Amino acid sequence: MRIRIVDAFTDRPFSGNPAGVLLLDTDAFPDDGWLQNVALEVNHAETAFAHPLPGSGDADWALRWFTPVAEVALCGHATLATAHVLHTTGAHEGPVRFATRSGVLVAAPAEDGSVTLDFPTAPLTPLTLPEGFAETLGAEPLTAFDTGPHVGDLLVEVADERTVHALRPDLKTLGAHSARGVIATARAENPSLGYDFVSRCFFPNIGIDEDPVTGSAHTALAPYWSERLGCTALTGLQASPRSGRIRTELCGERTLLGGRAVTVIEGELLSAALPGATTPSRGGPTG
């Protein structure tokens, strides 16, 4: 079974957001415990598992995403990584439809090698933040929104781009404020640099202190900044240490996310690690 590490939302290795990708040759997923163990072994923000769907129904492949500690309902960068692997290996040609926990998601390749994802737009519900949240985040929020069940984050705007870069949140208490984590954002100080807004994403509840580049978060950032800036097509910069850019286009209840990906590592799972293999009991260190 081939396994790949793909850097998503970037055109060069060692940037963007790395994801593990496994294309399964079965017509069903292995048991959840095995999927979670592989994701823990890969130990990146997400590992994607996909298997082909027979016939010509609503989707071509089934797709699931796991962090090292939990399954998630929606993931942009691992979907982009999976589409990249399907197209570069010849496993699928043209747009691919994924059956997921968040409905059918479409990934369409372009001639220049980029991929556009068609995702549901996150609903934004204004919130009143509890006392002390500014100290937990490390900055005073200007606005706060719930992003709905698929994303599960708290979206907050802060004063400016420099404030986003300087954030050092208290991760031990930050997770108490949302299902997954917190998206902090601000308008770009200099849009001539090629991006319209910046963000950082902190997800302590699913084992990710800071996610490098988060496609799903941009299904909430796109409607938020499209309304603020009066434009449906924007580019976001996620200002993590690895960094990455996501093109967004708001289309009502759907949001298009565009970017590139690069395969960095390719290997294989050995027979002892495949589904159904006997797992030896765990003992202490042997020296």
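In what follows, Ala, Val, Leu, Ile, Met, Phe, Trp, Tyr, Cys and Pro count as nonpolar, Asp, Glu, Lys and Arg as charged, and the others, Gly among them, as polar. Keep that in mind as we walk through this predicted model.

Let's start at the second largest pocket, which has a volume of about 280 Å³. The largest share, 4 residues, comes from β16. In total, 17 residues line the pocket, and those nearest its centre are Phe9, Thr10, Asp11, Gly244 and Arg245. Sorted by class, the lining holds 8 polar, 6 charged and 3 nonpolar residues.

You will find threonine 10 in the loop that runs between β1 (2-8) and β2 (17-23). Is threonine 10 buried or exposed? Its relative accessibility is 10%, so it counts as buried, the cut-off for buried being under 20%. Leaving aside residues up to four places away in sequence, threonine 10 touches Ser15, Gly16, Arg260, Ala261 and Val262. With serine 15 there is also a polar contact between the two side chains, at 2.5 Å.

The buried residues are His218, Thr219, Ala220, Leu221, Ala222, Pro223, Tyr224, Trp225 and Ser226. After α7 comes glycine 230, which has a positive phi near 70°.

Key:
Residues are numbered from 1 along each chain as its sequence is written. This is a predicted model: local features need pLDDT of at least 70, side-chain atom pairs count only at pLDDT 80 or more; totals for chains, interfaces and linings use all residues. Side-chain values use heavy atoms; hydrogens and water are left out. Helices (H or I, at least four residues) and strands (E, at least two) are DSSP runs, numbered from the N terminus. Buried means under 20% relative accessible area, exposed over 50%, partly exposed in between (1.4 Å probe, protein chains only). A polar contact is a pair of N or O atoms within 3.5 Å; within protein, one must be able to donate a hydrogen and the other to accept it, and residues adjacent in sequence count only if both atoms are side-chain atoms. Contact means heavy atoms within 4.5 Å. On a 1 Å grid over the protein atoms alone, a cavity is a set of points where a 1.4 Å probe fits but cannot get out, and a pocket is an open set with protein on both sides within 12 Å along at least five of seven lines; lining residues have an atom within 4 Å of a point. Grid points are joined across faces, edges and corners, and a volume is the space filled by probe spheres set on the points.
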